[in-house]
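Q: I'd like a close look at one part of this model, please. Could you walk me through its main open space and then what packs elsewhere?

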Amino acid sequence: MAITYGLEDKLYINLTNRCTNDCEFCVRNFKDGVGDYNLWLDKEPTTREIINNIGDASAYNEIIFCGYGEPMIRLEEIKEISNYLKNDYPKVPIRINSNGQANLIHNRNILPEISDLIDSISISLNAHNSKSYQKICKSTFSDKAFPAIIEFISEAKKYISEVRVSVVDYPEVDIDSCSKLAKKLNVPLKIRRF
């Protein structure tokens with residue numbers, strides 16, 4: 001069970017296995033982790049456990065909240081850990097990989113709360129409309145999810161200096177339409193391999 005894991009020059013923080021989606025292409029459906037790291041958590045780590053696991057953050061070029069679930073479910077822990085990192089390692093950038101449903105999860109706009117703590121955010125788009133999104137990603141928020149994600153992307157640009165979206169190169173994902181949507185939203189698009 002890996003709470004943190006290093007890949008190349010980046011440190012990833014595995015906060016939770018909980019997620020508001022059940023995506024068809026999710027790596028969790030096919031394996032237990034990434035590389036040699038088992039990411040299934042027996043229990044969610046405390047803030048102190050995570051900070052202890054980080055060690056010397058200056059050894060990394062970036063620290064990323066992601067893991068085997070939706071990290072923004074644990075918003076308070078993200079804020080506490082990021083605050084620690086900004087105080088002790090101000091030069092190390094912090095990123096969140098998210099499904100973009102945080103405002104639905106917490107019933108408020110959470111972006112002002114993380115604006116001074118997070119340097120970049122990568123939001124999983126994975127579809128070009130609500131119907132496709134729900135078919136592929138199966139959000140617990142149903143047809144509310146996709147419009148909320150689009151709003152979250154637009155809102156994130158007001159608070160976080162680097163916002164990008166990603167899609168998985170999966171047969172059901174219309175990459176061309178997603179690319180057009182990313183252009184319309186004025187955010188860069190990253191295509192991830194399935």
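How much space lies in the largest pocket?

A: Happy to. This is a predicted model, in which local features need pLDDT of at least 70 and side-chain atom pairs count only at pLDDT 80 or more, while totals for chains, interfaces and linings use all residues. Residues are numbered from 1 along each chain as its sequence is written, and side-chain values use heavy atoms, leaving out hydrogens and water.

The largest pocket holds about 1300 Å³ of space. Here a pocket is an open set of points on a 1 Å grid over the protein atoms alone, where a 1.4 Å probe fits and protein lies on both sides within 12 Å along at least five of seven lines. Its volume is the space filled by probe spheres set on the points, which are joined across faces, edges and corners.

The lining (residues with an atom within 4 Å of a point) has 39 residues, and Val27, Gly67, Asn97, Val168 and Arg192 lie nearest the centre of the pocket. Elements giving two or more residues to this lining are β1 (4-7), β2, β3 (33-34), β6, β7 (120-124), β8 (162-169) and β9 (189-193); strands are DSSP E runs of at least two residues, and helices H or I runs of at least four. By class, the lining has 17 nonpolar, 12 polar and 10 charged residues.

Now for the packing. The largest nonpolar core has 53 residues, and Ile54, Ile81, Ile114 and Leu125 have the most contacts inside it. Such a core joins buried nonpolar residues (Ala, Val, Leu, Ile, Met, Phe, Trp, Tyr and Cys) through side-chain atoms within 4.5 Å, buried meaning under 20% relative accessible area with a 1.4 Å probe, protein chains only. Helix α6 (residues 145-159) gives this core its largest share, 7 residues. Another core, of 7 residues, lies apart from it and includes Ala2, Tyr12, Leu39 and Tyr68.

Leaving aside neighbours within four places in sequence, isoleucine 54 is in contact (heavy atoms within 4.5 Å) with Thr4, Leu11, Ile13, Tyr60, Ile63, Ile81 and Leu85. Both Ile81 and Leu85 are among the buried residues of α2, whose buried residues pack against elements including α1 (47-54) and β5 (62-66).

Among the buried residues of α6 are Phe146, Ile149, Phe152 and Glu155, and the buried residues of α6 pack against α3, α4, β7, α5 (130-137), β8 and α7 (175-185). Glutamate 155 counts as buried because its relative accessibility is 17%. Beyond four places in sequence, glutamate 155 is in contact with Asn109 and Leu111.

Methods:
Buried means under 20% relative accessible area, exposed over 50%, partly exposed in between (1.4 Å probe, protein chains only). Ala, Val, Leu, Ile, Met, Phe, Trp, Tyr, Cys and Pro count as nonpolar, Asp, Glu, Lys and Arg as charged, and the others, Gly among them, as polar.
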